[in-house]
Amino acid sequence: MRYMLFALCILVAGCDTVRSTTDRVFGGKKTPSEPEDAVVEEVVAEEAVEPEPVAATAAGWVGAKTTIAGLGDPTTPGRWLETPLVDVEFTGRVVVPKTGSQAYITLVPAPGPESGGSRLSLDAMRALLLPFDELVELEVYSN
């Protein structure tokens with residue numbers, strides 16, 4: 001029984017090798033796994049597009065800024081922090097000084113003074129291992 005199982009594994013593993021060899025020898029039909037030339041050209045054209053330049057205010061500060069945050073709108077998906085610390089939306093790092101946990105999240109501008117509070121998404125609170133019903137102190141890094 002053991003030898004039959006071993007032989008079956010070898011046969012199954014060799015099937016793909018036999019098919020690709022016979023395709024090359026007897027006509028070279030393209031298999032669905034081989035890309036068409038037009039598809040390859042489209043991918044190359046998409047990669048040639050240059051990314052948009054990042055706003056100068058995105059890396060507006062060095063070090064950490066502190067904010068107090070609570071739970072934001074739980075129906076909005078994603079990992080984000082609405083905060084008056086930023087003027088444009090970009091990805092930043094958030095650290096909880098009390099526990100040391102950290103996560104990279106999208107920093108979304110919010111109206112109000114810089115000393116105003118912030119709102120964290122449900123997913124960001126889970127990533128930072130924070131309780132949903134408390135206000136927490138956060139350190140926000142722009143880079």
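**View 1. Arg93 sits over the ring of Tyr141.** In this predicted model, Arg93 lies over the face of Tyr141, at 4.3 Å from the ring centre. A charge counts as over a ring if NZ of Lys or CZ of Arg is within 6 Å of the ring centre and within 35 degrees of the ring normal. The structure holds 0 aromatic pairs; such a pair needs ring centres of Phe, Tyr or Trp (its six-membered ring) within 6.5 Å.

**View 2. The largest nonpolar core has 18 residues.** A nonpolar core is a set of buried Ala, Val, Leu, Ile, Met, Phe, Trp, Tyr and Cys residues joined through side-chain atoms within 4.5 Å. Buried means under 20% relative accessible area, with a 1.4 Å probe and protein chains only. Leu81, Ile105, Leu107, Leu120, Leu128, Leu130 and Leu138 touch the most other members. Two or more residues each come from β3 (90-95), β4 (102-109), α3 (122-127) and β6 (136-141).

**View 3. The contacts of Ile105.** Contact means heavy atoms within 4.5 Å. Leaving out residues up to four places away in sequence, Ile105 touches Arg79, Trp80, Leu81, Phe90, Thr91, Gly92, Val94, Leu120 and Ala124.

**View 4. The chain has 3 helices and 6 strands.** Their order from the N terminus is α-α-β-β-β-β-β-α-β. Helices (H or I, at least four residues) and strands (E, at least two) are DSSP runs. Of the 143 residues, 24% are buried.

**Notes.** Residues are numbered from 1 along each chain as its sequence is written, and side-chain values use heavy atoms, without hydrogens and water. Local features need pLDDT of at least 70, side-chain atom pairs count only at pLDDT 80 or more, and totals for chains, interfaces and linings use all residues.

Key. Buried < 20%, exposed > 50% of the residue type's maximum accessible area, 1.4 Å probe, protein only. Phe/Tyr/Trp six-rings, centres within 6.5 Å; stacked < 30°, edge-to-face > 60°.
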